[in-house]
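This report describes helices, their packing and a few single residues. Have the sequence and the model open while reading.

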Amino acid sequence: MLVDLERKIIRLKVVYYGIGQSGKTTNLEKLSEMEGLSLMKIDTQEEKTLVFDFATKKVKVGELTLSFALYTVPGQDIYKDIRLTVLRGVDGVVFVVDSQKERLKENINFYSLLKADLLRIGKDPSSVPVVMQYNKLDLPNAMDYREMEKVINLENYPSVCASAIRGEGVLETFKVLEDYLISKVERMLL
């Protein structure tokens with residue numbers, strides 16, 4: 001969180017984190033469409049995120065403007081250094097779970113990687129708010145939401161069911177994290 005009281009701006013960083021092709025970029029695309037945000041993307045030829053996707057969203061809180069910088073990280077292992085760079089300074093995480101049964105182990109491993117990455121950048125994982133998004137629930141091979149909660153969401157973070165490609169659960173997911181961060185800022189300013 002970067003606070004500029006002179007300009008009355010508080011900058012917050014939100015990172016969409018998850019395995020490759022879990023729907024992180026689709027979340028930002030749909031959120032950008034719904035909220036009228038401009039989105040910057042750097043993709044490979046296969047349309048996988050190469051570096052990151054980026055958008056900003058501004059919210060007025062009293063006389064202050066909260067500026068949310070929204071990033072996605074590449075899920076492929078060869079981009080782990082880029083993931084760490086994008087994660088630096090993070091204020092909140094949306095962990096995007098690919099709900100397909102055959103991707104369960106990858107999701108569990110990547111969730112462990114998130115905690116390890118937060119430690120690598122000097123953040124206590126328990127101090128960073130996380131919202132779990134169970135994406136792709138519209139697919140026929142999707143796991144049951146309650147089953148995923150038991151094996152992935154061990155810390156009982158807030159969670160949202162979604163089909164990002166349809167725009168379902170996208171705004172709701174961000175809103176949970178946004179509301180939490182706004183209340184954190186309000187508490188800090190008291």
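## Two loop lysines

Lys-136 sits in the loop that joins E7 to helix H4 (145–151). Helices (H or I, at least four residues) and strands (E, at least two) are DSSP runs, numbered from the N terminus. The model is predicted: local features need pLDDT of at least 70, side-chain atom pairs count only at pLDDT 80 or more, and totals for chains, interfaces and linings use all residues. Residues are numbered from 1 along each chain as its sequence is written, and side-chain values use heavy atoms, with hydrogens and water left out.

Lys-136 is not a glycine, yet its phi is positive, about 65°. Its relative accessible area is 18%, so Lys-136 is buried. Buried means under 20% relative accessible area, exposed over 50%, and partly exposed in between (1.4 Å probe, protein chains only).

Lys-8 is in the loop between strand E1 (2–4) and E2. Lys-8 also is not a glycine and has a positive phi, about 60°. At 36% relative accessibility, Lys-8 counts as partly exposed.

## Helix H3

What span should H3 have at 1.5 Å a residue? Helix H3 covers residues 104–120, and its 17 residues should span 24 Å. The expected span of a helix is 1.5 Å times one less than its number of residues. The end C-alpha atoms of H3 are 24 Å apart, which agrees.

The buried residues in H3 are Asn-107, Phe-110, Tyr-111, Leu-114, Asp-117 and Leu-118. They cover an arc of only 120° around the axis, so they lie on the same side of H3. The arc is that of the directions from the helix axis to the C-beta atoms. These buried residues pack against strand E2 (9–17), helix H2 (80–87), strand E6 (92–98) and strand E7 (130–135). Contact means heavy atoms within 4.5 Å.

The face turned away from the buried side of H3 carries the exposed residues Lys-105, Leu-119 and Arg-120. Just after H3 comes Gly-122, with a positive phi of about 85°.

## Helix H1

H1 has 12 residues. From first C-alpha to last it reaches 16 Å, close to the 16 Å expected at 1.5 Å a residue. Its buried residues are Lys-24, Thr-25, Thr-26, Asn-27, Leu-28, Leu-31 and Ser-32. Gly-36 follows H1 and has a positive phi, near 70°.

Thr-26 lies in H1. Its relative accessibility is 18%, so Thr-26 counts as buried. Leaving aside neighbours within four places in sequence, Thr-26 is in contact with Ala-164 and Ile-165.

## Helix H5

H5 has 20 residues. It reaches 29 Å from its first C-alpha to its last, close to the 28 Å expected at 1.5 Å a residue. Buried in H5 are Val-170, Thr-173, Phe-174, Leu-177, Glu-178, Leu-181, Ile-182 and Val-185. Seen down the axis of H5, its buried residues fall within an arc of 155°, so they line one face of the helix.

## H1 against H5

Two packed helices are described by the angle between their axes and the distance between the axes. At what angle do H1 and H5 pack? Helix H1 (residues 24–35) and helix H5 (residues 170–189) pack at about 90°, with their axes 9 Å apart. Axes are lines fitted to C-alpha atoms, for helices over the stretch in contact, and angles run from 0 to 180 degrees between N-to-C directions. H1 and H5 are therefore roughly perpendicular to each other. Angles under 35 degrees count as roughly parallel, over 145 as roughly antiparallel, 65 to 115 as roughly perpendicular, and the rest as oblique.

H1 contributes Asn-27, Lys-30, Leu-31, Met-34 and Glu-35. They meet Val-170, Leu-171 and Phe-174 in H5. The residues of this contact divide into five nonpolar, one polar and two charged. Ala, Val, Leu, Ile, Met, Phe, Trp, Tyr, Cys and Pro count as nonpolar, Asp, Glu, Lys and Arg as charged, and the others, Gly among them, as polar.

## Strand E5

Leu-64 lies in strand E5. At 10% relative accessibility, Leu-64 counts as buried. Not counting residues up to four places away in sequence, Leu-64 touches Leu-5, Lys-8, Ile-10, Val-59 and Leu-189. The C-alpha atoms of Leu-64 and Ile-10 are separated by 7.3 Å, while the two residues are 54 residues apart along the chain.

Ser-67 is also found in E5 (residues 64–72). Ser-67 counts as buried, at 9% relative accessibility. With residues up to four places away in sequence not counted, Ser-67 touches Ile-9, Ile-10, Arg-11, Leu-12, Lys-57 and Lys-58.
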